[in-house]
Amino acid sequence: MCCMDFEQLRTFQQVCRLKSFSRAAEKLGVTQPAISAQIRSLEKEVGARLFDRDGGKVTFTAAGCLFEPFAEHCLQCQSHIFVAVNELYRSARGEVSVSASEATSLYVLPSVFAQYKKHYTRVNLNIVRAEHQRSLEAVMNRDVDFAIVSTPVKDPRLVVHVIHRDDIVLAVAPAHPLATRDTIKPDEMLQYPLLLLKQGRQRTLLNNFFDSFDAHPRIAMELDSSELLKRLICAELGMGVLPRINVMDDVHSGLLRTVKVDGMRLHRELALIFRKDRTLSHAAQVFLEIATGGTAQPATYPPPRVPRTARAR
């Protein structure tokens, strides 16, 4: 069974325009027998003669006249498709999707997004709010372009770029008994109710800190949300341990205070991750460069080949 293809349609188009098999062959850089074979194959697929040839004169048949606008439309669609895909890899447009936790979305991503949108207004930025494991799954399932998660990330299928580092600090309400102290001993920390996240990198680091001197904190509440944890600290329901960037604004506005704990040196890193085998659009590549401060090496994905007919338009 024959199968109509774009090469046949381009051959048909050139014969239509030039009214000559020989001139069409010259235009397309092939032999005249090749043009004749293409047209015969197309006519076999259509089921009707498309041209009448009387000596050197080529004219439409009724079927050819009917077929011509449809062939032209198909070639225009192909041209638009190639141009659109080519444009996707040459200019920043389309959508970039990022999966990140609630706190990362609130305190780390806004500055990155603001810098990006300042220069690339035609790109839609989409934040998918999800915790560590779901963010990893979203990247692996190709549901998002990127995720921002805490390190370490050791999956060999992923590219990992650290984009943020900060300390994890003890935060208390201004009325808390420890609020007037610059530094406290770990034993003093154990005397007061502590609000903690149920799981995650911060909880692991804090558990390791307490285990290092066989301490048992007074856990008042375990929460899923770092934002809720912060609000409960402000409401004087206990003290809590949070990344410094999460509490900076509240400290400056007088809603919270941070207290140094002797020997508690907890740090966290956030990394932007994506699949090694993912082809990044130009919009995504630019986002990667901005998010990493230009330290990421640009990917070398060749843009799709644009047919001569598409480039000529």
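**Aromatic pairs and one arginine**

Let me begin with Phe213, which is partly exposed because its relative accessible area is 30%, where partly exposed lies between buried, under 20% relative accessible area, and exposed, over 50% (1.4 Å probe, protein chains only). This is a predicted model, in which local features need pLDDT of at least 70 and side-chain atom pairs count only at pLDDT 80 or more, while totals for chains, interfaces and linings use all residues. Residues are numbered from 1 along each chain as its sequence is written, and side-chain values use heavy atoms, with hydrogens and water left out.

Now to the rings. Across the whole structure, a search finds 13 aromatic pairs, where rings of Phe, Tyr and Trp (its six-membered ring) pair if their centres lie within 6.5 Å, planes under 30 degrees apart counting as stacked, over 60 as edge-to-face and the rest as tilted. Phe113 and Phe287 form an edge-to-face pair, because their ring centres are 5.7 Å apart and their planes stand at 70°. This pair links distant parts of the chain, since Phe113 lies in helix H6 (residues 109–119) and Phe287 in helix H12 (residues 282–291), 174 residues apart; helices here are DSSP runs (H or I, at least four residues), numbered from the N terminus. Both Phe113 and Phe287 are buried.

Returning to Phe213, its ring and that of Phe209 have centres 5.2 Å apart and planes at 75°, so this pair is also edge-to-face. Phe209 counts as buried because its relative accessibility is 8%.

Finally, Arg203 is found in helix H9 (residues 201–212), and at 13% relative accessibility it counts as buried.

Methods: Helix = DSSP H or I, 4+ residues; strand = E, 2+ residues; numbered from the N terminus.
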